[in-house]
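Colleague: Could you take me through this model? I would like to begin with the charged side chains.

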Amino acid sequence: MILEGGKAVNTNSLKPDVGYLKDLVEAGLEGINSGWKTTEDRSLAPSFFGSMVPAALGCGIGVLSTWLVTQRRGAARVMTVGGVIGSTLGFGIGFAWASRRLAGTVYRSAARKVNTVRDAHWLEKHPIAYG
């Protein structure tokens with residue numbers, strides 16, 4: 001027993017939670033792997049190249065927005081930072097949008113496996129007495 005804030009905490013009660021956490025992580029990784037394997041088109045290259053247009057648009061918007069706000073010396077650095085931030089955001093949003101089907105398939109598979117482990121854990125903690 002450990003005293004935390006004047007209350008006694010049983011350290012032995014944390015051991016089963018570590019095992020449960022390990023089971024959850026393993027189920028999630030197994031679900032990601034099985035979702036990845038069941039997807040027919042696993043190439044991320046089209047998503048990568050398809051997100052270049054949003055990256056260019058984001059760069060332009062970032063440069064334009066900082067140019068409109070900053071009308072002083074040294075504005076080139078600020079516009080460069082605005083362009084980098086805008087292109088990064090544009091690329092990230094474009095990539096997420098272009099790879100949404102693959103990500104959805106992998107997510108659903110992982111969620112199914114994790115929910116199975118969660119349900120088994122709940123039934124272990126709350127046994128149902130039939131009869």
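Colleague: How many salt bridges are there in this predicted model?

Modeller: The count comes to two salt bridges.

Colleague: Which residue does E26 pair with, and how far apart are the closest N and O atoms?

Modeller: E26 forms a salt bridge with K22, and their closest N and O atoms are 3.2 Å apart.

Colleague: Why can such side chains pair at all?

Modeller: Side chains of opposite charge can pair when their charged atoms come close.

Colleague: Where do E26 and K22 sit relative to each other?

Modeller: Both are in helix 1, four residues apart, so about one helical turn separates them.

Colleague: Are E26 and K22 buried or exposed?

Modeller: E26 has 40% relative accessibility, so it counts as partly exposed. K22 is at 51%, and because exposed means over 50%, K22 counts as exposed.

Colleague: How accessible are K113 and E30?

Modeller: K113 has a relative accessible area of 31% and is partly exposed. E30 is also partly exposed, at 47% relative accessibility.

Colleague: Now helix 4, please. What is its span?

Modeller: Helix 4 covers residues 75–98, which is 24 residues. From its first C-alpha to its last it reaches 34 Å, close to the 34 Å expected at 1.5 Å a residue.

Colleague: Which residues of helix 4 are buried, and what do they pack against?

Modeller: The buried residues are A75, G82, G83, G86, G90 and G94. They pack against helix 3, residues 52–69.

Colleague: Finally, what is the confidence of the prediction, and where is it lowest and highest?

Modeller: The mean pLDDT of the chain is 84, and 85% of its residues reach 70 or more. Confidence is lowest in strand 1 (residues 2–4), with a mean of 56, and highest in helix 5 (residues 100–125), at 92.

Conventions: Residues numbered from 1 in each chain as written. Predicted model: local features only at pLDDT ≥ 70, side-chain atom pairs only at ≥ 80, totals over all residues. Heavy atoms only, no water. pLDDT = per-residue confidence, 0-100. Helix = DSSP H or I, 4+ residues; strand = E, 2+ residues; numbered from the N terminus. Expected span 1.5 Å × (residues − 1). Buried < 20%, exposed > 50% of the residue type's maximum accessible area, 1.4 Å probe, protein only. Contact = heavy atoms within 4.5 Å. Salt bridge = Lys/Arg side-chain N within 4 Å of Asp/Glu carboxyl O.
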